[in-house]
Amino acid sequence: MKKLQILKKGFLDVIPLAIPVIPFGIIYGVIAIEIGLSPLVAFCMSFIIFAGSSQIAFAQLFSAGASPLVMISSVAVINSRHFLYGAVLSQYLNKLNCYWKILLGYLMTDQAFSVSLSYFKKNYKKKNAHFHMLGSGFTLWFLWQLSTLAGIILGNIVPEQLGLTFAIPLTFLSLIISELRKKDHLIVIAVSGLASLALYDFPFKIYIIVSAFLALGVSYILITKFKKF
Amino acid sequence: MIWFWVLIAGVVTFLTRYSMITFINPKTLSKTLKEVLKYVPSAVFPAIIFPAIFLDQRGYFLDSSSPQIWGFVIAVVFGYFFNNIILTITSGLVSFWMFTFFFN
């Protein structure tokens, strides 16, 4: 297949997963303005950080007066799932040159990972298979920029009384909603949530990162003691 | 100052994406660690969700009749049964507005 065809395939494959990203981007834009970021900072975050949940967490922590160390480490923990994606993708991407790796690394998202991985698995012998991830990744990137911009514009219009900051916890809830059906995840969720309530008064908003590590410790115990490989 | 930290956050995010493709031999990532990484969203997000729902800005527990707790409960119920991201958010927001409107 020609490069352009593979690129187009990546675009088409990611579209169903990219549609829900649009309201998510709009919510980010509105929230960022609502909690007091400048429109320029809010927009630039979308291509400097380019990770929805991290951007929302970063903006929220910033407006709550968290220490920079807490902001950055929270972003790092939220994004640590990318290690997993990179490790899985590397077997298909390790022959590419440095520029391609930087570009595809930057464009790596949950959605692009999931559709391009299944393409790579079926087409790993094809020479230009990586164009699929360029297609899926760029589509998502473009929609994210566009939808956050729409949200930023909207954020200047919608009245504060709507209480849209309530959309922050709802958005994060929606991202783990499918895990509520799994017992092991429910335990991890409960540990993290209860710990965050107990540790809330600790300085510098450190409760997020401490609760996350406590919960990850519990997940480690669950895996090593109760799951068999 | 915020620009500086946005840049750092961007670099950190990029490195989580890029490092495994390039620097590190993926085989060094143990099976257990890979399993633990799958729990990251369930371990991080509740720590953002719970205080935002149950505590006020000073860190005190909200009254159980407060609209955001009920909005949250409805979002969980809708999300659980329909397993849909957008429906989770909209059902929570709409019920939050309804509770605010009727009870305040």
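These legends walk through several close-up views of a predicted model.

**View 1. Chain A as a whole is built from helices.** Count the elements of chain A and you get 12 helices and zero strands. Read from the N terminus, the order is simply α-α-α-α-α-α-α-α-α-α-α-α. The radius of gyration is 19 Å, close to the 17 Å that the globule rule gives for 229 residues, so chain A is as compact as a globular protein of that length. Its C-alpha trace spans about 55 × 50 × 30 Å along the principal axes. Of those 229 residues, 51% count as buried. Look at the contacts in chain A between residues at least 6 apart in sequence, and 76% of them join residues at least 24 apart.

**View 2. Here chain A meets chain B.** Chain A brings 72 residues to this contact, and chain B brings 60 residues. On the chain A side, the elements that give two or more residues are H3 (39–48), H4 (52–63), H5 (68–79), H6 (81–93), H7 (98–106), H10 (167–175), H11 (183–198) and H12 (207–226). Sort the residues on that side by class and you find 49 nonpolar, 19 polar and four charged.

**View 3. This one zooms in on helix H5 of chain A.** Which residues of H5(A) are buried? They are Met71(A), Ile72(A), Ser74(A), Val75(A), Val77(A), Ile78(A) and Asn79(A). The cover over these buried residues comes from both chains: it includes H4, H6 and H12 of chain A, along with helix H1 (2–22) and helix H3 (40–54) of chain B.

**View 4. Two helices cross between the chains: H6(A) and H1(B).** Their axes come within 7 Å and cross at roughly 35°. The crossing of H6(A) and H1(B) is right-handed. From H6(A), the residues that take part are His82(A), Phe83(A), Gly86(A), Ala87(A), Leu89(A), Ser90(A) and Leu93(A). Facing them from H1(B) are Thr16(B), Arg17(B), Ser19(B), Met20(B) and Ile21(B). By class, this helix pair's contact has six nonpolar, five polar and one charged residues.

View 5. You'll find Pro41(B) in helix H3 of chain B. Is Pro41(B) buried or exposed? With 21 other C-beta atoms within 10 Å, Pro41(B) is buried, since 20 or more is enough to count. Set aside its neighbours within four places in sequence, and Pro41(B) is in contact with Arg81(A), Leu175(A) and Ile176(A). For a sense of distance, Ser66(B) sits 25 residues along the chain from Pro41(B), and their C-alpha atoms are separated by 27 Å.

**View 6. Leu61(A) sits in helix H4 of chain A.** That placement goes with a buried residue: Leu61(A) has 22 other C-beta atoms within 10 Å. Which residues does Leu61(A) touch, not counting those up to four places away in sequence? The answer is Ala66(A), Val70(A), Met71(A), Ser74(A) and Lys205(A). Gln145(A), by contrast, lies 84 residues from Leu61(A) in sequence and 22 Å away in space, C-alpha to C-alpha.

Definitions and conventions:
Residues are numbered from 1 along each chain as its sequence is written. Chains are lettered from A and ligands numbered from 1 in the order in which they are written. This is a predicted model: local features need pLDDT of at least 70, side-chain atom pairs count only at pLDDT 80 or more; totals for chains, interfaces and linings use all residues. Helices (H or I, at least four residues) and strands (E, at least two) are DSSP runs, numbered from the N terminus. The radius of gyration is taken over C-alpha atoms; the globule rule is 2.2 Å times the number of residues to the power 0.38. A residue is buried if 20 or more other C-beta atoms lie within 10 Å of its own, exposed if 12 or fewer, and partly exposed in between; C-beta atoms are placed from the backbone. Two residues are in contact if their C-beta atoms, placed from the backbone, lie within 7 Å. Ala, Val, Leu, Ile, Met, Phe, Trp, Tyr, Cys and Pro count as nonpolar, Asp, Glu, Lys and Arg as charged, and the others, Gly among them, as polar. Axes are lines fitted to C-alpha atoms, for helices over the stretch in contact, and angles run from 0 to 180 degrees between N-to-C directions. A crossing is left-handed if the near helix is turned anticlockwise from the far one by less than a right angle, and right-handed if clockwise.
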